[in-house]
Amino acid sequence: MPLLRLDKVSLAFGHRPLLDEAVLELRRGERVCLVGRNGEGKSTLMRILSGEIVPDDGSLWVRSATRIAYLAQDVALDSDDSVFDVVAGGMPELGQLISEYHHTASALEQAHTPAALERLAGLQHELEAAGGWQLEQRVETVLSRLGLDGDAAFPSLSGGWRRRVMLARALVCEPDVLLLDEPTNHLDIDAITWLEDFMADFSGALMFISHDRAFVRRLATRIIELDRGQLTSWPGNYDDYVRRKAEQLGAEARHNAQFEKRLSQEEAWIRQGIKARRTRNEGRVRALKALREQRRLRRDRIGKVNLRMEEGEHSGKLIFEAEDVNFSFGEHTVIRDFSASILRGDRVGIIGPNGAGKSTLIKLLVGELTPDRGRIQRGTRLRSAYFDQQRAQLNPAASVMDSVGEGSQRVTINGRSRHVAGYLQDFLFPAQRLQSPVSTLSGGERNRLLLARLFAQPANLLILDEPTNDLDVETLELLEELLMDYQGTLLLVSHDRAFLDNVVTSTLVFEGDGRIGEYVGGYSDWLRQRKTGKSSVATKAEKQTATAGTELPAGKPRKLSYKDQRELDTLPARIEALEAEQAGLQANVSDPGFYQQSGDGIAATLERLESVRGELEACYIRWEVLEALTSG
């Protein structure tokens with residue numbers, strides 16, 4: 001028997017129907033992922049299921065005594081309470097009483113006063129009478145399992161920790177149905193994997209919205225798709241859904257093409273005039289009117305985002321070179337003994353827990369912060385574009401059009417001038433939305449707008465901080481394709497494991513105590529190398545050995561020996577050959593079929609890629625030394 005059921009539910013905002021006689025059943029033990037394009041109404045459907053919104057038509061049936069908990073996409077709670085209070089608020093019947101008991105007991109530990117003792121005794125009596133001791137223990141248990149400090153102030157927490165608190169608030173009532181809207185947003189990889197394990201053991205019915213394909217693959221036992229107001233159930237895992245959905249869309253496209261051809265033929269016939277009005281053709285005229293009405297009522301799928309980037313001039317070969325960099329905030333060391341070289345064309349993923357220092361590392365590389373010790377050399381002709389996960393670059397009061405055009409009616413994309421309205425249509429912003437303020441946009445729409453603004457800037461260095469939040473899967477895959485074809489250099493901060501695997505060629509991983517490890521490949525490659533204990537970062541002793549004798553001598557220029565001169569003459573060709581090999585290997589690794597080959601083949605390619613990278617670095621260092629000897 002289902003826990004809840006939607007029966008022919010319809011809902012429209014303005015002229016656009018979001019749900020059109022939608023039908024859904026949810027049973028205990030199911031883990032259902034709700035998918036659909038941005039703006040289709042997934043969050044609205046969740047709010048209907050939670051009881052926050054009443055549909056225009058149809059009904060929501062909930063089995064008697066079924067508890068439903070809902071975690072919204074945005075943490076909208078504005079509270080000055082402690083974490084304990086916020087979580088206890090998930091049990092409205094006794095939450096306030098439990099919170100008061102918790103605070104009174106904490107105050108009593110600091111100062112024993114007769115009034116506090118009397119109040120604590122009164123609260124104990126009330127809890128006993130209401131059977132609240134078990135509920136108080138439940139709050140403590142959930143806080144412990146989620147690693148939360150009950151005494152911490154909720155406003156002081158980061159976005160990721162706030163989401164964890166709100167998840168605790170949803171879980172504390174031990175719901176039969178748990179509704180999660182983008183639960184992985186702002187969570188780091190450790191928190192996401194913890195959430196996967198927790199949800200896999202959840203005994204009730206789980207329904208969630210997520211763009212994180214690894215998360216969906218791990219959890220979903222069924223896919224529900226919201227497409228043009230209709231709900232469709234796809235039993236099985238996510239990969240089965242993708243394959244079968246592609247087949248369905250192909251059949252739909254063929255059917256629509258046949259329909260359009262027939263309609264076109266009938267329209268041509270009716271224009272012939274008098275013959276169409278003869279009595280014997282009245283049935284054909286009525287059939288044409290029916291075809292016209294059928295075409296008018298048909299809702300076409302939302303188009304795909306057309307992602308194109310304005311690429312700047314080529315930068316120098318070297319983008320960043322860091323050597324023994326240290327940086328601290330007070331007594332806390334954020335980055336310790338960091339050394340790495342980033343070359344033109346590298347696509348580098350940055351992985352680490354929330355608060356580890358990923359943004360600090362980026363600010364050090366681009367020069368916004370100065371290291372306490374060590375040096376950072378930056379390349380020439382760098383033009384960077386930065387995607388901020390907080391979307392601080394967007395003015396909530398500005399219009400969609402002004403956010404990209406900045407007062408101008410035109411933008412230049414790859415040397416071609418385009419009207420801002422036409423450019424924004426590529427990012428699925430219709431003409432009627434161009435004057436809407438940014439504050440009215442959904443999370444996914446704001447991300448698309450920020451991408452549109454970013455890609456209108458000529459840049460040879462892209463810095464993307466969590467660009468995947470709130471994007472639907474189709475837009476996410478198009479962004480992957482764009483970044484894989486990007487000829488500049490990419491620094492990518494992301495907790496999306498599939499996105500990292502598909503885009504980056506190397507990773508910088510925060511491994512604790514300010515240490516940063518460097519690995520070839522994406523997230524899965526890092527996991528494999530971490531298990532074998534193999535990092536591509538040389539030890540300090542190896543660094544010293546590799547660079548021994550390379551200090552740049554001071555004084556007058558001298559004539560190189562025959563051997564050194566010959567080496568200097570051949571280095572450019574050697575570097576060019578290594579760069580070509582590196583590009584070929586990186587293209588091979590980026591190919592979706594790369595990881596379908598044998599493990600030995602994968603390992604050999606990754607090992608050769610790392611070897612080429614090391615040889616290139618050695619060649620650059622040697623070239624710099626020889627050039628310095630000739631120039632003094």
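# Close-up views of a predicted model

Asp-513 lies in the loop that runs between strand 19 (506-510) and strand 20 (516-520).

View A. Asp-513 is not a glycine, yet its phi is positive, at about 60°. Most residues other than glycine have a negative phi. The relative accessible area of Asp-513 is 52%, so the residue counts as exposed, the cut-off being over 50%.

**View B. The loop at Arg-381.** Arg-381 is in the loop between strand 13 (373-378) and strand 14 (384-387). Its phi is near 55°, again a positive value in a residue other than glycine. Arg-381 is partly exposed, with a relative accessible area of 46%.

**View C. A patch of negative charge on the surface.** Four residues gather in this patch: Asp-20, Glu-21, Asp-56 and Asp-57. Asp-56 belongs to the loop between helix 1 (42-50) and strand 4 (57-62). With a relative accessible area of 52%, Asp-56 is exposed.

**View D. Glu-25 and its two arginine partners.** Side chains of opposite charge can pair when their charged atoms come close. Glu-25 and Arg-5 meet through their side chains in a salt bridge, with 3.2 Å from N to O. This pair links distant parts of the chain, as Glu-25 is in strand 2 (residues 16-26) and Arg-5 is in strand 1 (residues 4-13), 20 residues apart. Glu-25 also forms a salt bridge with Arg-27, where the closest N and O atoms are 3.2 Å apart. How exposed are the residues Glu-25, Arg-5 and Arg-27? Glu-25 is partly exposed, at a relative accessible area of 30%. Arg-5 counts as partly exposed at 29% relative accessibility, and Arg-27 counts as partly exposed at 36%.

View E. The side chains of Arg-243 and Glu-247 meet in a salt bridge, with 3.9 Å from N to O. The two residues are 4 residues apart in helix 9 (residues 238-270), so about one helical turn separates them. An α-helix has 3.6 residues a turn, so residues three or four places apart point the same way. Arg-243 is partly exposed at 45% relative accessibility, and Glu-247 is partly exposed at 47%.

**View G. Strand 17 at Leu-464 and Asp-465.** Asp-465 is found in strand 17 (residues 461-465), and Leu-464 has its place in strand 17 as well. Are these residues buried or exposed? Asp-465 is buried, with a relative accessible area of 5%. Leu-464 is buried, with a relative accessible area of 0%. What separates their C-alpha atoms from those of residues elsewhere along the chain? The C-alpha atoms of Asp-465 and Phe-387 are separated by 5.7 Å, while the two residues are 78 residues apart along the chain. For Leu-464 and Leu-490, which are 26 residues apart along the chain, the C-alpha separation is 7.7 Å.

**View H. Helix 14, a mostly covered helix.** Helix 14 (residues 443-455) has 13 residues, which should span 18 Å at 1.5 Å a residue. Its end C-alpha atoms are 18 Å apart, in agreement with that value. How many of the residues of helix 14 are buried? The number is 12 of its 13 residues. Among them are the charged residues Glu-445, Arg-448 and Arg-453, and the buried residues also include Gly-443, Gly-444, Leu-449, Leu-450, Leu-451 and Phe-455.

**View I. Helix 15 and its buried residues.** Helix 15 (residues 473-485) has 13 residues. From its first C-alpha to its last, helix 15 reaches 19 Å, close to the 18 Å expected at 1.5 Å a residue. Which residues are buried in helix 15? They are Val-473, Thr-475, Leu-476, Leu-478, Leu-479, Glu-480, Leu-482 and Leu-483.

Notes:
Residues numbered from 1 in each chain as written. Predicted model: local features only at pLDDT ≥ 70, side-chain atom pairs only at ≥ 80, totals over all residues. Heavy atoms only, no water. Patch = residues over 30% accessible without salt bridge, like charges linked within 9 Å, V, L, I, M, F, W, Y side chains within 5 Å. Areas by Shrake-Rupley, 256 points an atom, 1.4 Å probe, with all protein chains shown as cover. Charge placed at Lys NZ, Arg CZ, Asp CG, Glu CD. Buried < 20%, exposed > 50% of the residue type's maximum accessible area, 1.4 Å probe, protein only. Expected span 1.5 Å × (residues − 1).
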